[in-house]
Amino acid sequence: MTEREKAWKPEDITRLFVERANAKDAEGLAALYEEDAVMAYPPGSQTVGRKAIQEFWEQALPKVPEFRPEEPLPTLSSGDLALTSTPPKDGAGARAQAVRRQPDGSWLRVLDQPEFVHPGS
């Protein structure tokens, strides 16, 4: 994996995600997740582990439109854990991620819920 910019604040991950997704950089997207992270996507399933997350994005990125930055909501933090979220522009209901501070001070996603929708929507 090449050296990439790290998220030095929990909120940085959202910006880095958009930049890397728009660059079609699946490896760079996966690098934003801990080795055993869980992404609740595609809808109705889970993608578990950095390797599986990278494989998912390798397949998905060529087919997805450009991502637009979304203004993050205030981050909730407790020690080395934080909860980040954004109100999505695409009508997906909400987005939330649990992130953890790494030994070097950077942050990585542990849990990623890219879409919350009301049951029955």
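Predicted model: local features only at pLDDT ≥ 70, side-chain atom pairs only at ≥ 80, totals over all residues.

Biologist: Which residues is Ala30 in contact with, leaving aside its neighbours within four places in sequence?

Modeller: Ala30 is in contact with Arg50, Ile53 and Gln54. For Phe17, I can give a C-alpha separation: 9.3 Å from Ala30, at 13 residues apart along the chain.

Biologist: Now the core. How many residues does the largest nonpolar core have?

Modeller: That core has 19 residues. Phe17, Leu29, Leu32, Tyr33 and Trp57 have the most contacts inside it. At least two core residues come from each of α1 (12-22), α2, β1 (33-39) and α3 (50-60).

Biologist: What is Trp57 in contact with, beyond its neighbours within four places in sequence?

Modeller: Its contacts are Phe17, Ala26, Leu29, Met39, Pro62 and Phe67.

Biologist: On to strands. Which sense does the pairing of β1 and β6 take, parallel or antiparallel?

Modeller: β1 pairs with β6 (residues 107-113) in the parallel sense, over three bridges. Look for Val38, which stands opposite Leu111 in β6. β1 also runs antiparallel to β2 (residues 47-48), with two bridges joining them. There, Met39 stands opposite Thr47 in β2.

Biologist: Last topic, salt bridges. What is the general idea?

Modeller: Side chains of opposite charge can pair when their charged atoms come close. The cut-off here is a nitrogen-to-oxygen distance within 4 Å. By this rule, there are eleven salt bridges.

Biologist: Which parts does the pair Arg4 and Glu27 tie together?

Modeller: The two side chains meet at 3.4 Å, N to O. Arg4 lies in the segment before α1 and Glu27 in helix α2, so the pair ties together parts 23 residues apart in sequence.

Biologist: Where do Lys6 and Asp104 lie?

Modeller: Their side chains form a salt bridge at 2.4 Å, N to O. Lys6 is in the segment before α1, and Asp104 is in the loop between β5 (95-101) and β6. They are 98 residues apart, so this pair links distant parts of the chain. Lys6 is partly exposed at 32% relative accessibility, and Asp104 is partly exposed at 39%.

Biologist: How far apart are the closest N and O atoms of Arg15 and Glu19?

Modeller: They are 3.1 Å apart. The two residues are four apart in helix α1, so about one helical turn separates them.

Key:
Residues numbered from 1 in each chain as written. Heavy atoms only, no water. Contact = heavy atoms within 4.5 Å. Core = buried A, V, L, I, M, F, W, Y, C linked by side-chain atoms within 4.5 Å. Buried < 20%, exposed > 50% of the residue type's maximum accessible area, 1.4 Å probe, protein only. Pairing = 2+ DSSP bridges.
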